[in-house]
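These are my notes from an afternoon of looking things up in one model. I wrote each entry as I went.

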Amino acid sequence: MASDPKVHAFEEVAKHNKTKDCWLIINGKVYDVTPFMDDHPGGDEVLLSATGKDATNDFEDVGHSDSAREMMNKYYIGEIDMATVPLKRKYVPPQQAHYNPDKTPEFVIKILQFLVPLLILGLAFAVRHYTKEK
């Protein structure tokens with residue numbers, strides 16, 4: 001940990017609520033958990049749901065191991081200014097990319113998942129038909 005930790009305002013920390021930029025407040029400390037999003041055992045949704053608020057209760061309710069608590073040290077970036085933390089906060093869902101049903105790579109994969117088995121089945125029938133009589 002730094003010898004002179006930076007003090008962050010709640011509004012500043014609350015802005016970091018995306019998968020590629022995620023900060024959490026736990027026990028009055030601010031953690032940038034962005035590099036840990038893909039590795040978190042509960043998934044990135046769990047971390048995103050704890051953004052924009054004091055996540056201490058969420059963290060403690062799970063019962064994290066000692067090694068998990070030690071791991072937090074490498075994500076520590078400073079302290080939270082407790083005067084800026086609201087007592088109650090309205091839930092604001094984390095911003096996620098809009099659903100795009102026409103994603104080309106995913107669309108092509110789905111089509112191939114349908115067409116390849118049909119093609120194999122058709123080839124099997126053709127081979128059976130031409131080799132059966134001759």
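How much space lies in the largest pocket? I looked this up and found about 410 Å³. I note here that the model is predicted.

**Entry on the pocket.** I listed the lining of the largest pocket and got 20 residues. Nearest the centre of the pocket lie Phe-36, His-40, Leu-47, Phe-59 and His-64. I then looked up which elements give two or more residues to this lining, and they are β3 (21–26), α2 (44–49), α3 (56–62) and α4 (66–71). I sorted the lining residues by kind: 16 are nonpolar, three are polar and one is charged.

**Entry on the sheet.** In what order do the strands of the open sheet stand? I read the order as β1-β5-β4-β3-β2, five strands with mixed pairing. β1 (7–8) and β2 (17–18) are at the edges, and each has a single partner strand, so one side of each has no neighbour in the sheet. I reminded myself that strands of a sheet pair through backbone hydrogen bonds, either parallel or antiparallel.

**Entry on β3 and β4.** I looked at β3 and strand β4 (residues 29–32), which run antiparallel and are joined by four bridges. Within this pairing, I found Ile-25 opposite Val-30 in β4. The two strands form a hairpin, with two residues between them. In the turn I checked Asn-27, and its phi is positive, at about 55°.

**Entry on β4 and β5.** I went on to strand β5 (residues 76–80), which pairs with β4 in the antiparallel sense over three bridges. Val-30 turned up again here, opposite Gly-78 in β5. I also asked which residue in β5 is the bridge partner of Tyr-31. That partner is Tyr-76.

**Entry on aromatic pairs.** I looked for aromatic pairs and the structure holds two. In one, the rings of Tyr-31 and Tyr-76 have their centres 6.0 Å apart, and their planes stand at 70°, which is over the 60 degrees needed, so I wrote the pair down as edge-to-face. Tyr-31 lies in strand β4 and Tyr-76 in strand β5, so this pair ties together parts that are 45 residues apart in sequence. Are these two residues buried or exposed? Both Tyr-31 and Tyr-76 are buried.

The other pair is made by Phe-36 and Tyr-75, with ring centres 5.7 Å apart and planes at 40°, so I noted it as tilted. Phe-36 sits in the loop between β4 and α2, and Tyr-75 in the loop between α4 and β5; the pair links distant parts of the chain, 39 residues apart. I checked burial for both, using the cut-off of under 20% relative accessible area. Phe-36 has 15% relative accessibility, so it counts as buried. Tyr-75 has a relative accessible area of 12%, so it is buried too. I saw that Phe-36 is also among the residues nearest the centre of the largest pocket.

**Entry on His-8.** Last, I looked up His-8, which is found in strand β1. Its relative accessibility is 3%, so His-8 counts as buried. What lies 3.4 Å from a polar atom of the side chain of His-8? I found the backbone oxygen of Ile-77 there.

Methods: Residues are numbered from 1 along each chain as its sequence is written. This is a predicted model: local features need pLDDT of at least 70, side-chain atom pairs count only at pLDDT 80 or more; totals for chains, interfaces and linings use all residues. Side-chain values use heavy atoms; hydrogens and water are left out. On a 1 Å grid over the protein atoms alone, a cavity is a set of points where a 1.4 Å probe fits but cannot get out, and a pocket is an open set with protein on both sides within 12 Å along at least five of seven lines; lining residues have an atom within 4 Å of a point. Grid points are joined across faces, edges and corners, and a volume is the space filled by probe spheres set on the points. Ala, Val, Leu, Ile, Met, Phe, Trp, Tyr, Cys and Pro count as nonpolar, Asp, Glu, Lys and Arg as charged, and the others, Gly among them, as polar. Two strands pair if DSSP finds at least two bridges between them. Rings of Phe, Tyr and Trp (its six-membered ring) pair if their centres lie within 6.5 Å; planes under 30 degrees apart count as stacked, over 60 as edge-to-face and the rest as tilted. Buried means under 20% relative accessible area, exposed over 50%, partly exposed in between (1.4 Å probe, protein chains only). A polar contact is a pair of N or O atoms within 3.5 Å; within protein, one must be able to donate a hydrogen and the other to accept it, and residues adjacent in sequence count only if both atoms are side-chain atoms.
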